[in-house]
Amino acid sequence: FNQYFDGGFSGIVMDEIRTKRSFAYTATGYMAKGELPGGDSYFMGYIGTQSDKVADAVETFMHICDSMPIHPERMENVRAALLQEIQISKPSFRSKAEQLERLNMLGYTEDPAIQLVEQVKNMTFEDIEKFYKENIQGKPMTIIIMGDPKKIDQKRLAAKFGKIQKVSKSKLF
């Protein structure tokens, strides 16, 4: 899911927000999995944009989260990127022992990449859609906007997403 949805410049988020609409310098959206089995996971997004484009960028991002664009033709690129990532990722010399201990704590008795390669090879676009529908679509989200409120179309944001709650710098930091 993350490779399809986020995936850098080839992901849906950057494609829809930056490439097609020029609403942002950068944009991302990904699911962060809990480190330990059964641990909490969360969905996180980020948009770096100009103040006058905040409302457009946020509306587009939320639309993508609610109605993810479907491009099954991208599946082979997703698979290739994941396989390449598995093949080239390895811990640095100094973190090998830590990585091995972490894998042992998670219950692995062999390199998890071996199983992961097979899972990626057998993965279908329907798997991505299923994950999206179960974990992202229709779920409540909190939107946080940092910037000069005088330069952001707050009326438009409030009309679309509800009441805006301002938080002072001293409370935030």
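This report covers a surface patch and the salt bridges of a predicted model.

Methionine 146 sits in a loop. That loop runs between α7 (125–135) and α8 (154–161). Methionine 146 counts as exposed because its relative accessibility is 62%, and the cut-off for exposed is over 50%.

Side chains of opposite charge can pair when their charged atoms come close. The structure has eight salt bridges.

One of them pairs lysine 20 with aspartate 15, at 3.7 Å from N to O. Lysine 20 is partly exposed, at 48% relative accessible area. Aspartate 15 is buried, at 12%.

Another joins glutamate 16 to arginine 21, at 2.7 Å from N to O. Glutamate 16 is buried, with 8% relative accessibility. Arginine 21 is partly exposed, with 36%.

## A link between α3 and α8

Arginine 156 and aspartate 56 also form a salt bridge, with an N to O distance of 2.5 Å. Arginine 156 belongs to helix α8, and aspartate 56 to helix α3 (residues 54–66), so the pair ties together parts that lie 100 residues apart in sequence.

Both partners are partly exposed: arginine 156 at 30% relative accessibility, and aspartate 56 at 22%.

Some salt bridges share partners. They join Asp15, Glu16, Lys20, Arg21 and Arg74 into one network.

Conventions
Residues numbered from 1 in each chain as written. Predicted model: local features only at pLDDT ≥ 70, side-chain atom pairs only at ≥ 80, totals over all residues. Heavy atoms only, no water. Helix = DSSP H or I, 4+ residues; strand = E, 2+ residues; numbered from the N terminus. Buried < 20%, exposed > 50% of the residue type's maximum accessible area, 1.4 Å probe, protein only. Salt bridge = Lys/Arg side-chain N within 4 Å of Asp/Glu carboxyl O.
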